[in-house]
Amino acid sequence: MKIFTGAQIHELDKYTIEHEPIKSIDLMERAAKALTQAITDVWSSQTPIVVFAGFGNNGGDALAVARMLLDRGYDVKAYLFNISGHLSEDCATNKKRLEEKYAKAFIEVTQEFEPPQLDAEKLVVDGLFGSGLSRPLAGGFASLVKYINASQAKVVSIDVPSGLMTEDNSANVRANIIRADLTLTLQQLKLSFLFPENQIYIGQVKILDIRLSQEGIDKIQADYTLLSENDIRPRVLPRDPFAHKGKMGNALIIAGSYGMGGASVLATKACLRSGAGKVTAHTPRCNYLTLQISVPEAVIQFDREETTFSEAVDTEDFNALGIGPGLGTSEQTAIAIISQLRRTQCPMVVDADAINVLASHRAWLQQLPKDIILTPHPKEFDRLEGHSTDSYERLRKARDLAMRLQGYVVLKGHHTSICLPNGHVILNTTGNAGMATAGSGDVLTGIITGLLARGYKQEDACVVGMYLHGLAGDIATRELGQESVIASDLIHYLPQAFKRINE
């Protein structure tokens, strides 16, 4: 599913109006019917409703909803804030329709505003500002938002909670954003809905299909895509019935140090579970028994040092390398890591301490090969590229880094995002809070490395690996509950995730 910017949403509306063809006021009526139905599905006519409408098309939607709710016998009071004396054309039309039919239920605010009492029995329909907002709310509108948020009333926002912008809220005034209980968004999710810091504003989200032009959706180029299971299946490589381990790929995992042998175990086992024919784990000697007992299927290759990774190894015989989990960041290890990154010819996944080393030696970023895959979590990324004020800024920086390196940045989180070398961003839809546990990232590194060894191209390995990782977490959570999931459970349920997408 494409995720459009606020400007592109406006472009899609315009395309639908021109090519369906349909009048803009009739398209608004169609949207209002869907909004009204969604509201009446949840709240009965016994619920008193207060509608707040702005002067643009979001306000027009709200006024049309007020009229339709009144038609259904609801007790509604609608407030139109016409402070400047300039309404959008469709908002003005819906003002007239409401005023002519239900004059007693309509109040137009031009100067003074006496706010209605908002108690726990009432429902507020927020139609002040929609997806076209480009700056923080201030003045009277900010005061109204604070008044609504301070009340006990339930709040339904039309399309976007007023005050929240569809992409970049890094400079927003967060006290001046509606905190909705339910957001009825039109046609598609907005990018800002996918960021953790915005969840307190959007509440539950329901997407309403208002039949915007599919041809327009197909034609408009989006920088962001939301992943679905149907996107994954065509990317999955079939397994040759006559395959042997030599044809299924040879992977190398460089991970672990003294006290961090578990990171090597998790990455190595996940790599094997991802279908690689052979996996070699390079690790300090102190992890010998740990790996030999935990992952007997792996080949163990020892570093010359007892407790740390100390020098690069030959990768000529390997099809993929995963490096970083649990390695530590000592100077000797740091030099070994950059040496390894420089000399490796096969596809690479760089994670955890390998990223932390690059963050401490930023000049080394220039030496990274094309098509490299970096898999940072937010704190690791901030060390690498500097502190970000919010998720959108971090995602923008990750996108810029992928283009600059001509590589892939897998930014981990609730909606793990893959930033491609061409600037496109793919956001994941699998995964849950139960995966917020130590070692989850090591498992992802192993999965992607295993897929690379199997012969997946970098983009497909990232996309399929990210989706499978989250899907295994979802299956684990269904079986175990969020509180009890640990990283090794993701490996345990990975076969079920593979079965799901192969079915």
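## Strand β7 and its partners

Strand β6 (residues 154-158) runs parallel to β7 and is joined to it by three bridges. Two strands count as paired here if DSSP finds at least two bridges between them. Helices (H or I, at least four residues) and strands (E, at least two) are DSSP runs, numbered from the N terminus. Across from Thr 183 in β7 stands Ser 157. With strand β8 (residues 204-208), β7 pairs in the parallel sense over five bridges, and Gln 204 in β8 is the bridge partner of Leu 182.

Before going further, a word on the model: it is predicted, so local features need pLDDT of at least 70 and side-chain atom pairs count only at pLDDT 80 or more, while totals for chains, interfaces and linings use all residues. Residues are numbered from 1 along each chain as its sequence is written, and side-chain values use heavy atoms, with hydrogens and water left out.

## How β7 is covered

Five of the five residues of β7 are buried, where buried means under 20% relative accessible area, exposed over 50%, and partly exposed in between (1.4 Å probe, protein chains only). In a regular strand the side chains alternate between the two faces of the sheet. Here, Leu 182, Leu 184 and Leu 186 point one way, Thr 183 and Thr 185 the other way, and all are buried.

## Backbone details worth a look

Gln 187 is found in the loop between β7 (182-186) and α6 (199-202). Although it is not a glycine, Gln 187 has a positive phi of about 75°; it counts as buried because its relative accessibility is 15%.

Ala 352, in helix α12 (residues 352-360), is not a glycine either, yet its phi is positive, at about 50°. Ala 352 counts as buried, at 10% relative accessibility. Elsewhere, a cis peptide bond with omega of about -15° joins Glu 20 and Pro 21, and Pro 21 is found in the loop between α1 (6-19) and α2 (24-42).

## The nonpolar cores

A nonpolar core is a set of buried Ala, Val, Leu, Ile, Met, Phe, Trp, Tyr and Cys residues joined through side-chain atoms within 4.5 Å. The largest has 52 residues, and those with the most contacts inside it are Ile 323, Leu 341, Val 350 and Leu 358. Helix α14 (residues 391-405) gives this core its largest share, six residues. Apart from it lies another core, of 49 residues, including Leu 266, Cys 271, Leu 444 and Ile 475.

Leaving aside neighbours within four places in sequence, Ile 323 is in contact (heavy atoms within 4.5 Å) with residues including Ile 254, Phe 309, Ile 337, Leu 341 and Val 350.
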